[in-house]
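Try each task yourself before you read the steps.

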Amino acid sequence: MSTAPLNALPIRRLTPRDLNACADLSEDRGWPREEDKWGLLLAAGKGYGIDDPEGGLVTACVVTEYGSRYRPDLCGIGMVLVAQRHARQGVGRRLMRHVVAEMGDSPLTLYATPYGRPLYEELGFKVTGSSEMVLGHFMADGPPSPVLTRPATAEDLATLVRLDEEVFGADRTHVITRLPAFADQLRVAEEGGRITGYAAAWPNMDTHVVGPLIARDTETAQALVASLAAHTDRPLRTDVDVRHEELLTWLKERGLASVGTNAVMTYGIPDLPGDWTRRFAPVTVAAG
C-alpha cells in the first residue's frame, strides 16, 4: 500500500466490538494482547482508528475523558499504536493530530515511552513528570502494617468516587464505578471508620496491575499494596510517580524490579490537576 492511499483512509470511532482488532494490533507490535485493558478503555473511553483494507487496523488509540461530558477537565490518551507494516509513514502523527483537534481546548495528558516522546513533543506536549514501572513477585517483609485494610464494599463506592475526585483533580466516576467488576481485588484503608485510601489489582496477562493507588501517605500506600499482594499468587506490576521515592524503594526491597520509565506529558496545562502527594499510581498509564 502506498503512502497516498494510506493517508486517505478515514479515521473512525472504535467500539467494544473492535476489541479483538485492537488486541491483534498490540500483538503485531510485540506488545501483550491485554484484552482486559482494551475492554475497559473501549467501554469507558473513546477509541479512534483507521481500518486496513486488507483486514485489521492500521492504527488505533483511546481517549479517556474526565469531568464534564460537554467540556472535559482532562483527557488521557493511550494505546497509540501503528501496525508494523505501516510504521514510519506518518499515520500515527495523523491520528494524533486528529485526536488533539477532536478534543478542542480540553487539557490532554499521556504517558510517553522514549520511542513515542519525540512525536508528542512535535505536537506540542510538554514533559511534566515521570513514572517508573516495577514488576515482580511481592515478598512480605517485616512486621504487619498498623494500617487497617479491608475489601471494599458496595457501600464504599460513593466515598471512593469523592476521594478519587479530590485526589485526581477531576471526576472519574465512569472509571471508578467499573472497578468492582473489572478488578480482581478492590481494597480500602481505614482509620476510625474513615477511608484514607484505596487500591485495585486487575488482571493483565499473567500479572496483577496495582492501580489506581490513592493513599493518605506512603505508609497507607504500602499497606494497600501488601494487602493486595497477600491475596494473589501472580506477579505485581505498577507504575509509580517517581516523586514517591520511598514507595519505590520499599517495592524494590520486596522483590519488584524496575522495567522502564515513562514521561508524563501534558498539553494545554502546565501540570496535572489534583494532589500528587496522595496519587501514587494510575489505573493504567493508558488512561492518563
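**Exercise 1.** Find the volume of the second largest cavity and the residues around it.

Step 1: the second largest cavity has a volume of about 40 Å³. Before going on, note that this is a predicted model, where local features need pLDDT of at least 70, side-chain atom pairs count only at pLDDT 80 or more, and totals for chains, interfaces and linings use all residues. Residues are numbered from 1 along each chain as its sequence is written, and side-chain values use heavy atoms, with hydrogens and water left out.

Step 2: On a 1 Å grid over the protein atoms alone, a cavity is a set of points where a 1.4 Å probe fits but cannot get out; a pocket is an open set with protein on both sides within 12 Å along at least five of seven lines; lining residues have an atom within 4 Å of a point. Grid points are joined across faces, edges and corners, and a volume is the space filled by probe spheres set on the points.

Step 3: list the lining, which is Leu40, Leu41, Ala44, Gly45, Thr64, Val175, Val283, Thr284 and Ala287. Helix H3 (residues 35–44) gives the most, three residues. (Helices are DSSP runs of H or I, at least four residues; strands are runs of E, at least two; both are numbered from the N terminus.)

Step 4: sort by class to get six nonpolar, three polar and no charged residues. Here Ala, Val, Leu, Ile, Met, Phe, Trp, Tyr, Cys and Pro count as nonpolar, Asp, Glu, Lys and Arg as charged, and the others, Gly among them, as polar.

**Exercise 2.** Describe the largest cavity.

Step 1: about 230 Å³ of space lies in it.

Step 2: 21 residues line this cavity, and Tyr111, Asp241, Val264, Leu272 and Arg279 are the closest to its centre.

Step 3: strand S6 supplies the largest share of that lining, four residues.

Step 4: the classes come out as 10 nonpolar, five polar and six charged.

**Exercise 3.** Which element gives the largest share of the lining of the second largest pocket?

Step 1: the volume of this pocket is about 390 Å³.

Step 2: of its 19 lining residues, Pro143, Pro144, Ser145, Ala226 and Trp250 lie nearest the centre.

Step 3: helix H9 is your element, with six residues.
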